[in-house]
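My notes follow in the order I took them.

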Amino acid sequence: MRHFPIFLDLRARRVIVGGAGECALAKLRLLVKTEAQIVVFGHNAVEGVVALAGAGQITLQDRAPLLADFAKAALGYAAYDDDEADAAFAALAHGAGVLLNVVDNLEASAFITPAIVDRDPVVVAIGTEGAAPVLARQIKADLEQRLPETLGRLARLGQGFRAAAQVLAPGRARRDFWARFYGGAGDAALAAGGTAAAQRQLGTLLREVAREVAPAAHVDFIPTSAPDLLTLRAQRKLHGADIVVHDAGVAPEILELARREAQLVAVLHDKADLVALAAGGAQVARLVAGDAPHPLEVARLRNAGLSHSVLPSVGAPTQPGFSAEIHEVRRHG
């Protein structure tokens, strides 16, 4: 990964754009969606740039920029669509220590602007390291169709409810609450009764989750012999795990599906002390580099009375001693 993806806070910060033609306008259409103070330098501004200035969305200067203009700027865009003018702008930006993007010149740019799906405050950025802009636009178009326009409204409702949700214990209870709201309950309430109904749904879910007893420790064995055929159920279990235990042979792209906050435990000799790892009610995903778990690990969990399940392997033959169904053991009090 050459370019590290970040989201930069541009609230009340200055962005300097060199150029007032169509090249600059393409960038300005995106920049004006931010809370930045945008200053544009260029002669013979096209109609779209003039309109943005007239609407107060940008400040238009009919001159070339000076070094002093870059003072304390967050970003600079060289968008003259002219090599000589872009180079002069870049020299000023470098002199002022301002991060610079030279439009359509990857090697001269300190950062690149991704394709963006905007469901403010939910924003999806798509980058291809400058290698395939058309592909990025195709992915953007696909996501535009998939992500509902109401997504931003739900996110803002959730943002306003975060303080109330702090009554739930950090970790699984809080994650479960938000997962239910964003996993369908919020959208259904919004569709049925608008913002007021969605706000009521937040309160209802909060009371429900607060009353629930924390789940007992559980271990899910997930075969990974066919990484590209990992089931949706397996992906959900992996993403919801507190601890991810994996064999050395498990593909890195599968480990990427785990939550960033999850504890990753690499296993040597294909066996792990899952009883100890599951202590305290942890939800454990045991990634197996094969079609079936090690019998000794399963036996230890069974002897300890710990809940566990073996997810079926997709496209692999059933192993002796393990049916394709989910095996589950529950502790009886």
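**Salt bridges**

I searched the whole structure and got 17 salt bridges. For the record, a salt bridge here is a side-chain nitrogen of Lys or Arg within 4 Å of a carboxyl oxygen of Asp or Glu. The model is predicted, so local features need pLDDT of at least 70 and side-chain atom pairs count only at pLDDT 80 or more, while totals for chains, interfaces and linings use all residues. Residues are numbered from 1 along each chain as its sequence is written, and side-chain values use heavy atoms, with hydrogens and water left out.

I looked at Arg119 and Glu144 and found their side chains in a salt bridge, 3.0 Å from N to O. Arg119 sits in strand 6 (residues 115–119) and Glu144 in helix 4 (residues 133–146), so this pair ties together parts 25 residues apart in sequence. Helices (H or I, at least four residues) and strands (E, at least two) are DSSP runs, numbered from the N terminus. Arg119 counts as buried at 5% relative accessibility, and Glu144 is partly exposed at 28%. My cut-offs are under 20% relative accessible area for buried, over 50% for exposed, and partly exposed in between (1.4 Å probe, protein chains only).

Next I checked Asp220, which forms a salt bridge with Lys237, the closest N and O atoms being 3.8 Å apart. That pair links distant parts of the chain, with Asp220 in strand 8 and Lys237 in helix 7 (residues 232–240), 17 residues apart. Asp220 is buried at 6% relative accessibility, whereas Lys237 is partly exposed at 28%.

I also noted a network of salt bridges that links Arg172, Arg175, Asp242, Arg259 and Glu261.

Which residue does Glu297 pair with in a salt bridge? I found Arg286, with the closest N and O atoms 3.1 Å apart. Glu297 belongs to helix 10 and Arg286 to strand 11, 11 residues apart. Both Glu297 and Arg286 are buried.

In helix 10 (residues 295–304), Glu297, Val298 and Leu301 are buried. Seen down the axis of helix 10, the buried residues fall within an arc of 100 degrees, so they line one face of the helix. I took that arc from the directions from the helix axis to the C-beta atoms. Turned away from the buried side is a face with the exposed residues Pro295 and Asn303.

I traced an open sheet of five strands in the order 10-9-11-8-12, with parallel pairing. Strand 10 (263–267) and strand 12 (307–310) are its edges, each pairing on one side only. Two strands pair if DSSP finds at least two bridges between them. Strand 8 (residues 218–223) and strand 11 (residues 283–288) run parallel and are joined by six bridges. I picked out Pro223 there, and its bridge partner in strand 11 is Val288.

I then found five strands in an open sheet with the order 3-2-1-4-5, and the pairing is parallel. Its edge strands are strand 3 (59–61) and strand 5 (99–102). Strand 4 (residues 73–78) runs parallel to strand 5, with four bridges between them. Gly76 has Leu100 as its bridge partner in strand 5.

Where does Phe4 lie? I placed Phe4 in the segment before strand 1 (14–18). Phe4 counts as exposed at 66% relative accessibility.
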